[in-house]
Amino acid sequence: MQDCRCRLDDIWKNSLAKQNWIDRLPVASRQALRGALQPRAFARGTLIYNRTERAGGLYIIREGSVLFQIHGMNGKRLLLKIIRANDVFGETIAFDGKPSPIAVEARSLLLTSFIPTDQLSRLRHQYPEVDRALADTAVEYLRAALSAIEELTLLELRERMLLCLSRLCTECPETGSAPIRLDITQAELASMLGASRQATNIMLGEFEKAGWLVRNFRSLVCLPPMPGFPVR
């Protein structure tokens with residue numbers, strides 16, 4: 001539990017203002033990427049790309065949210081992440097040109113800006129910093145995947161849930177010392193934790209009894225007593 005608490009502290013220390021890697025590029029390459037953007041919209045539930053398919057380019061979310069999932073041979077799903085406005089997806093696939101290892105689904109009505117792979121390739125050659133940013137992003141995803149594997153295989157459900165909730169709070173625009181409302185269903189949280197809905201609901205009930213959170217319809221409200229909640 002001590003290791004879990006140290007990791008919770010690191011999550012809060014490393015939380016940054018909501019920027020994507022394109023926002024942090026030098027002006028010239030940032031403007032060039034933005035100049036290549038095309039609007040694309042998807043209805044809720046649309047499978048944007050599946051495992052074994054290529055993304056076709058980069059997507060920047062303007063409005064709505066997306067589910068990153070692994071679909072198992074047995075029909076089960078592991079939810080890796082919910083990504084939201086100003087997040088970018090499709091980087092790793094666009095970087096190496098290989099099929100996707102995951103499925104990406106529109107969680108709501110989704111408005112995006114899209115950069116096709118051929119234009120991205122041209123900009124990568126023209127601006128080396130774009131290539132470096134894509135490589136850095138791929139490494140970041142690899143580290144996150146290894147961390148997720150560790151949590152799923154080595155940590156108990158209670159520790160996994162604390163770490164997951166802490167990460168979700170850092171991604172919330174309302175991050176601070178006040179209660180934080182997380183736009184996530186209990187079913188989605190269970191899928192993130194690789195646990196059954198029943199086990200997840202039992203643990204959430206224990207957290208609620210401890211005064212760490214409140215369960216609402218399609219959302220959770222995390223409270224400052226929760227281990228890892230930021231004090232600012």
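## Loop residues with positive phi

Asn86 sits in the loop between β5 (77-83) and β6 (88-89), where strands (E, at least two residues) and helices (H or I, at least four) are DSSP runs numbered from the N terminus. Its phi is positive, about 75°, although Asn86 is not a glycine. Arg218, in the loop between β10 (213-216) and β11 (219-222), is another non-glycine residue with positive phi, near 65°.

The model is predicted: local features need pLDDT of at least 70, side-chain atom pairs count only at pLDDT 80 or more, and totals for chains, interfaces and linings use all residues. Residues are numbered from 1 along each chain as its sequence is written, and side-chain values use heavy atoms, with hydrogens and water left out.

Two packed helices are described by the angle between their axes and the distance between the axes. Axes here are lines fitted to C-alpha atoms, for helices over the stretch in contact, with angles from 0 to 180 degrees between N-to-C directions.

Helix α7 (residues 186-193) and helix α8 (residues 197-209) have axes that come within 9 Å and cross at roughly 105°. This makes α7 roughly perpendicular to α8 (65 to 115 degrees; under 35 is roughly parallel, over 145 roughly antiparallel, the rest oblique). On the α7 side the contact (heavy atoms within 4.5 Å) is made by Gln186, Ala187, Leu189, Ala190 and Leu193, and on the α8 side by Arg197, Thr200, Asn201 and Leu204. These residues divide into 5 nonpolar, 3 polar and 1 charged (nonpolar: Ala, Val, Leu, Ile, Met, Phe, Trp, Tyr, Cys and Pro; charged: Asp, Glu, Lys and Arg; polar: the others, Gly among them).

For helix α6 (residues 157-171) and α8, the axes come within 11 Å and cross at roughly 70°; α6 and α8 are therefore roughly perpendicular to each other. Leu157, Arg158, Met161, Leu162 and Leu165 of α6 meet Ala199, Thr200, Met203, Leu204, Glu206 and Phe207 of α8. The division for this contact is 8 nonpolar, 1 polar and 2 charged.

## Salt bridges

The count of salt bridges comes to 9, each a side-chain nitrogen of Lys or Arg within 4 Å of a carboxyl oxygen of Asp or Glu. One pairs Asp23 with Arg34, at 2.9 Å from N to O. Asp23 lies in the loop between α1 (2-13) and α2 (27-35) and Arg34 in helix α2, so the pair ties together parts 11 residues apart in sequence.
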